[in-house]
Amino acid sequence: MMKKKQDILHLLVLLAISFLSLSLIIKLRYSTWLQIKVVFILTLSYLIWSFVYHLHNKSLTKNIMIEYILTAALTLVIIMGLVI
Amino acid sequence: MKLANFFIPHKDTHKKAHLISWEALFFYVFIFILLQVGFSVLGYVKPGILGIESSINQQKIIELTNSERAKKGMPPVKENSALDQAAKLKAENMFSENYWAHFAPSGKTPWDFIIGSGYKFTFAGENLAKNFYTSDDVVVAWMNSSTHRDNLLNSKYEDIGIAVVEGVLNGQKTTLIVQMFGTTNVVSPTAVVNVGNGDKISVKAEEFSSKPQLVASAQSPKIIPQVLIDPYQVSKGLGLGLLAVIGTLLTIDLIILRKRGVFRLASHHVAHMALMSVTAATILSGHIGEIL
């Protein structure tokens with residue numbers, strides 16, 4: 001029960017960060033560079049969140065972290081590809 | 001290796017679909033980096049092949065500028081041929097010196113072009129834009145930047161000059177838009193130029209007599225090759241496509257695991273989907289155009 005509550009709390013933190021980023025992205029839609037900065041900060045928050053979440057759940061493994069890092073890297077290379 | 005295992009988790013081991021495994025993610029990152037390197041090399045080897053095709057109209061930008069001024073109850077600015085000339089000279093100079101800034105690497109200032117075209121201003125301003133698809137996008141972007149909006153809605157200006165010039169900048173076909181404002185009425189003790197980044201620069205009186213008269217390039221216009229690839233649209237399309245595929249496969253993975261009632265020690269799909277959704281929103285809402 002306690003674990004489920006903590007999981008929900010972790011997810012709420014993640015969703016709050018995502019919604020905040022999304023609203024900033026929409027607000028800053030005419031400033032590509034500021035949008036990119038928001039995505040960078042979101043990506044960093046996502047990595048920190050994943051580390052804390054899996055550490056807390058005692059599920060932190062090398063493979064899991066590699067997957068998070070690669071997902072973060074993929075979003076960054078896609079976003080940077082839009083700056084020509 | 002079964003084809004189904006590329007899209008859905010393995011039926012016995014419940015291992016993730018191959019297309020969302022970490023090996024696949026590594027491959028996607030590598031492909032996107034390769035694509036960007038390829039664009040850079042192509043831009044260097046075949047300048048002008050990459051770029052965007054714009055449909056920006058000089059008169060439309062003046063109309064839209066005056067429409068924004070009218071909304072604030074301001075008088076319209078009139079097109080001035082000397083300011084048009086100054087804007088054209090500025091755009092051509094950006095292509096010839098290959099820069100994107102208010103000040104040229106050679107030291108040329110925005111007022112060099114204004115004075116050089118014979119416009120004796122007391123107050124002037126410059127807004128720049130590049131790589132927009134339409135005239136509306138340019139004016140909307142300027143209006144969404146406080147410093148550019150201040151220029152556009154400045155009541156001191158009476159005249160406007162616009163240049164929309166195509167050329168090759170950093171290896172890519174680029175459309176530069178230079179907007180210059182000015183007045184010859186005395187509005188301040190010294191002449192001032194208000195550049196789009198918000199800087200207000202005083203121009204010394206002696207500069208008006210020491211600057212050479214500039215003339216428009218007498219050379220025949222350079223032939224710009226037809227754009228074959230729009231790197232922005234290619235990156236946007238591939239990026240959105242890949243995010244959609246990964247998002248769909250992650251959802252399928254979640255549904256199948258739930259149906260099978262198995263637990264797998266793995267990364268959190270919801271986290272990946274949240275990050276990818278914001279990235280997709282950035283791609284969809286973003287603009288290629290830049291203002292300065």
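This is a predicted model: local features need pLDDT of at least 70, side-chain atom pairs count only at pLDDT 80 or more; totals for chains, interfaces and linings use all residues.
Figure 1. K11(B) is placed in the segment before helix 1 of chain B, and, leaving aside residues up to four places away in sequence, K11(B) touches K2(B) and R260(B). The C-alpha atoms of K11(B) and L257(B) lie 9.8 Å apart in space, although 246 residues separate K11(B) and L257(B) in sequence.

Figure 2. Chain A has 3 helices and 0 strands, and its C-alpha trace spans about 45 × 25 × 10 Å along the principal axes. Of its 84 residues, 40% count as buried, and among the contacts in chain A between residues at least 6 apart in sequence, 56% join residues at least 24 apart. Helix 2 (residues 32–56) of chain A packs against helix 3 (residues 62–80) of chain A at an angle of about 175 degrees, their axes being 10 Å apart; the two helices are therefore roughly antiparallel to each other, since angles over 145 degrees count as such. On the side of helix 2 of chain A the contact includes W33(A), F40(A), Y46(A), W49(A) and H54(A), and on the side of helix 3 of chain A it includes I64(A), Y68(A), T75(A) and M80(A). By residue class, this contact of helix 2 with helix 3 of chain A divides into 16 nonpolar, 5 polar and no charged residues.

Figure 3. The secondary structure of chain B comes to 9 helices and 8 strands; of its 292 residues, 51% count as buried, and 76% of the contacts in chain B with a separation of 6 or more are between residues 24 or more positions apart. Helix 1 of chain B and helix 8 of chain B pack at an angle of about 175 degrees with their axes 11 Å apart, which makes helix 1 of chain B roughly antiparallel to helix 8 of chain B. Helix 1 of chain B contributes L25(B), Y28(B), F32(B), L35(B), Q36(B) and F39(B) to the contact, while among the residues of helix 8 of chain B are P231(B), V234(B), L238(B), L242(B) and I246(B). The residues of this contact divide into 10 nonpolar, 3 polar and no charged.

**Figure 4. The largest nonpolar core, with members from both chains.** Of the 41 residues in the largest nonpolar core, those that touch the most other members are Y68(A), L74(A), I78(A), Y28(B), L242(B) and I246(B). Two or more residues each are given to this core by helix 1 (2–27), helix 2 and helix 3 of chain A, and by helix 1 (22–45), helix 8 (231–260) and helix 9 of chain B. Helix 3 of chain A provides the largest share, 9 residues. L242(B) touches L74(A) and I78(A) as well as Y28(B) and F32(B), residues up to four places away in sequence not being counted. A second, separate core of 29 residues includes A86(B), A87(B), A163(B) and V193(B).

**Figure 5. Helix 9 of chain B.** Helix 9 (residues 269–285) of chain B has 17 residues and reaches 24 Å from its first C-alpha to its last, close to the 24 Å expected at 1.5 Å a residue. Because 13 of these 17 residues are buried, helix 9 of chain B is largely enclosed by the rest of the structure.

Note on methods
Residues are numbered from 1 along each chain as its sequence is written. Chains are lettered from A and ligands numbered from 1 in the order in which they are written. Side-chain values use heavy atoms; hydrogens and water are left out. Helices (H or I, at least four residues) and strands (E, at least two) are DSSP runs, numbered from the N terminus. The expected span of a helix is 1.5 Å times one less than its number of residues. Buried means under 20% relative accessible area, exposed over 50%, partly exposed in between (1.4 Å probe, protein chains only). Axes are lines fitted to C-alpha atoms, for helices over the stretch in contact, and angles run from 0 to 180 degrees between N-to-C directions. Angles under 35 degrees count as roughly parallel, over 145 as roughly antiparallel, 65 to 115 as roughly perpendicular and the rest as oblique. Contact means heavy atoms within 4.5 Å. Ala, Val, Leu, Ile, Met, Phe, Trp, Tyr, Cys and Pro count as nonpolar, Asp, Glu, Lys and Arg as charged, and the others, Gly among them, as polar. A nonpolar core is a set of buried Ala, Val, Leu, Ile, Met, Phe, Trp, Tyr and Cys residues joined through side-chain atoms within 4.5 Å.
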